[in-house]
Amino acid sequence: MNAVMRVLYLIYNEGYTASTGDELTRVDLTREAIRLTRMLHDSLPDDSEVTGLLALMLLTESRRAARTDGDELVPLDEQDRTRWDPELIREGTDLVDSVWRRREVGTYQLQAAIAAVHAAAAAPDQTDWPQIAALYLGLERLSPTAPVRLSRVVAVAHAYGPARGLALLHDLNRSHRLDENPLTRQRERAIRAHLLEMTGDTACAVARYREAAALTRNQVEQRYLQRRAHRLG
């Protein structure tokens, strides 16, 4: 079952942010992943992780329409939240609540809980980033992967400031080489660029944005990173 859920989540992720091409998303893949996960949930309604996986997909999918403006990527904190799908948010949040009460903690449930915290914020500055950072710490203990560690850096930076985020990123790179891992080397540079920009180190931020742009084959993401670099100089 773990292998089945992992494959479904990989299909969804490839659809949500396509690894190549001139479109950010592949709706055919996200819809098929959700359809199959609904079937799995119908067959195993009492499986907390299957429920968590479906909730995670629905809550993530609720933001899809707001992720682009024309052919340009819109980051989470700049998205028009009125374009988020309230029905998907409601269904996903109800699913998260239903399994959270069982006190059975799993990786998909934790990721769904993180997505639910984002969905509950009416504006970016209302996001409960300390709670998200705590949830990512719990997720990292269950699933100590490079993408999870990098996501915790983002949460810590938002919750406690970019300097602390950069310090955590330095420590994790020293221990786990996120900047060399194929799963995170591109995103590590993009995140580092954002944090450097926030601390005022524009020259280093520009260099990291350009490195990150060179490492992605998704043209929408590449244009976004190049535009950030050009804007800084």
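Modeller: We can start with helix 5, where 14 residues at 1.5 Å a residue should span 20 Å, and the end C-alpha atoms are 20 Å apart, which agrees. Keep in mind that this is a predicted model.

Biologist: Which residues of helix 1 are buried?

Modeller: Met5, Leu8, Tyr9, Tyr12, Gly15 and Tyr16 are buried there. Viewed down the axis of helix 1, the buried residues fall within an arc of 120°, so they line one face of the helix. The face turned away from that buried side carries the exposed residues Ala3 and Arg6. Helix 2 (27-43), helix 3 (48-61) and helix 5 (107-120) are included in what covers the buried residues of helix 1.

Biologist: How many aromatic pairs does the structure hold?

Modeller: It holds two aromatic pairs. One is formed by Tyr9 and Tyr108, with 5.7 Å centre to centre and 85° between the planes.

Biologist: Why is the pair of Tyr9 and Tyr108 called edge-to-face?

Modeller: Planes over 60 degrees apart count as edge-to-face, and the angle here is 85°. Tyr9 lies in helix 1 and Tyr108 in helix 5, so the pair ties together parts that are 99 residues apart in sequence. Both Tyr9 and Tyr108 are buried.

Biologist: Why is the pair of Tyr12 and Tyr16 called stacked?

Modeller: The limit for stacked is under 30 degrees, and the planes of Tyr12 and Tyr16 are 20° apart, with 5.8 Å centre to centre. Tyr12 and Tyr16 are four residues apart in helix 1, so about one helical turn separates them.

Biologist: What makes Tyr12 and Tyr16 count as buried?

Modeller: Buried means under 20% relative accessible area. Tyr12 has 1%, so it is buried. Tyr16 has 9%, so it counts as buried too.

Biologist: What sits over the ring of Tyr16?

Modeller: The charged end of Arg67 does, 3.8 Å from the ring centre. Likewise, the charged end of Arg164 sits over the ring of Tyr160, 4.4 Å from its centre. The distance limit for this label is within 6 Å.

Biologist: Why is Glu140 called buried?

Modeller: Its relative accessibility is 12%, so Glu140 counts as buried. Glu140 is placed in helix 6 (residues 129-142).

Biologist: What makes the link between the side chains of Glu140 and Arg149 a polar contact?

Modeller: The distance is 3.3 Å, and the limit is within 3.5 Å for a pair of N or O atoms. Beyond four places in sequence, Glu140 is in contact with Val148, Arg149, Arg152 and Leu172.

Methods: Residues numbered from 1 in each chain as written. Predicted model: local features only at pLDDT ≥ 70, side-chain atom pairs only at ≥ 80, totals over all residues. Heavy atoms only, no water. Buried < 20%, exposed > 50% of the residue type's maximum accessible area, 1.4 Å probe, protein only. Helix = DSSP H or I, 4+ residues; strand = E, 2+ residues; numbered from the N terminus. Arc of directions from axis to C-beta. Contact = heavy atoms within 4.5 Å. Polar contact = N/O pair within 3.5 Å; in protein donor to acceptor, adjacent residues only side chain to side chain. Phe/Tyr/Trp six-rings, centres within 6.5 Å; stacked < 30°, edge-to-face > 60°. Lys NZ or Arg CZ within 6 Å of the ring centre and 35° of its normal. Expected span 1.5 Å × (residues − 1).
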